[in-house]
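User: I am new to protein structures and would like to learn how to read one, feature by feature. Could you take me through an example?

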Amino acid sequence: VSANKPTAVAVIDGKEPSRHLIVDYEKSKEEFVKSGIKMIFIKADNESSVGDKTIKGQSVGNTLIGTANVKFLGNYPILVLLKPDGTIVYLSQGYKISSQEEILKVAEQLAAE
């Protein structure tokens, strides 16, 4: 998470509609770069090592959903916007048309606060 900009996290499953989110993001990538928002994609069925810990993508998604205090509906992608302090300010489950644009709008509103 950036020290002064929000961070977007997408937990994807590698199938449709998650792949569609990646295509949509590629169309908006320049806007994300201009706004300083990082987009992190985490594949739900992959494991990554960080130091001596193994992180499972699915557990990241579950943690984000649990932190937001909502029920996971089993729909990927999970898309979250985090404030620099880690507070979730946007969360969606399943594909929504133009969700990357919603993320940019929410981040713009945060910057105006």
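This is a predicted model: local features need pLDDT of at least 70, side-chain atom pairs count only at pLDDT 80 or more; totals for chains, interfaces and linings use all residues.

User: Where is the kink in helix α1 centred?

Analyst: Helices (H or I, at least four residues) and strands (E, at least two) are DSSP runs, numbered from the N terminus. The bend at a residue is the angle between axes fitted to the seven residues ending there and the seven starting there. In α1, which covers residues 18-35, a kink of about 60 degrees is centred on Ser28. Just after this helix, Gly36 takes a positive phi of about 80 degrees.

User: Which residues of α1 are buried, and what do they pack against?

Analyst: A residue is called buried under 20% relative accessible area, exposed over 50%, and partly exposed in between, using a 1.4 Å probe and protein chains only. An α-helix has 3.6 residues a turn, so residues three or four places apart point the same way. The buried residues of α1 are Ser18, Leu21, Asp24, Tyr25, Ser28 and Phe32, and they pack against β1 (7-12), β2 (38-43), β5 (78-82) and α3 (99-112). Glu26 also lies in α1, but Glu26 is partly exposed because its relative accessible area is 47%.

User: How should I read Asp24, and which residues does Asp24 touch?

Analyst: For charges, Lys and Arg count as positive and Asp and Glu as negative, whereas His and the chain ends are not counted. A salt bridge is a side-chain nitrogen of Lys or Arg within 4 Å of a carboxyl oxygen of Asp or Glu. Asp24 is buried yet has no salt bridge, and the nearest side chain of opposite charge, Lys27, is 4.4 Å away. Contact means heavy atoms within 4.5 Å, and leaving aside residues up to four places away in sequence, Asp24 touches Tyr95, Ser98 and Gln100.

User: How many residues are in the largest nonpolar core?

Analyst: A nonpolar core is a set of buried Ala, Val, Leu, Ile, Met, Phe, Trp, Tyr and Cys residues joined through side-chain atoms within 4.5 Å. The largest one has 16 residues, and those with the most contacts inside it are Ala8, Phe32, Ile37, Met39, Leu79, Leu81 and Ile103. The elements that give two or more residues to this core are β1, α1, β5 and α3, with α3 giving the largest share, five residues. A second, separate core of nine residues includes Val9, Val11, Leu64 and Leu82.

User: Is Val11 buried or exposed?

Analyst: Val11 is found in strand β1, and Val11 counts as buried because its relative accessibility is 0%. Beyond residues up to four places away in sequence, Val11 touches several residues, among them Ile42, Val60, Leu64 and Ile78.

User: What is the bridge partner of Leu79 in β6?

Analyst: Two strands pair if DSSP finds at least two bridges between them. Here β5 and β6 (residues 88-93) pair in the antiparallel sense over five bridges, and the partner of Leu79 in β6 is Ser92. The hairpin of β5 and β6 has five residues between the strands, and in this hairpin Gly86 takes a positive phi near 95 degrees.

User: How many salt bridges does the structure hold?

Analyst: Side chains of opposite charge can pair when their charged atoms come close. The structure holds three salt bridges. In one of them, the side chains of Lys34 and Glu30 meet at 3.5 Å, N to O; both residues lie in α1, four residues apart, about one turn of the helix. Lys34 counts as exposed because its relative accessibility is 70%, and Glu30 counts as exposed at 56%. Lys43 forms a salt bridge with Asp45, the closest N and O atoms being 3.8 Å apart, and the side chains of Glu102 and Lys96 meet in a salt bridge at 3.2 Å, N to O. Glu102 is partly exposed, with a relative accessible area of 27%, and Lys96 counts as partly exposed at 33% relative accessibility.

Technical notes: Residues are numbered from 1 along each chain as its sequence is written. Side-chain values use heavy atoms; hydrogens and water are left out.
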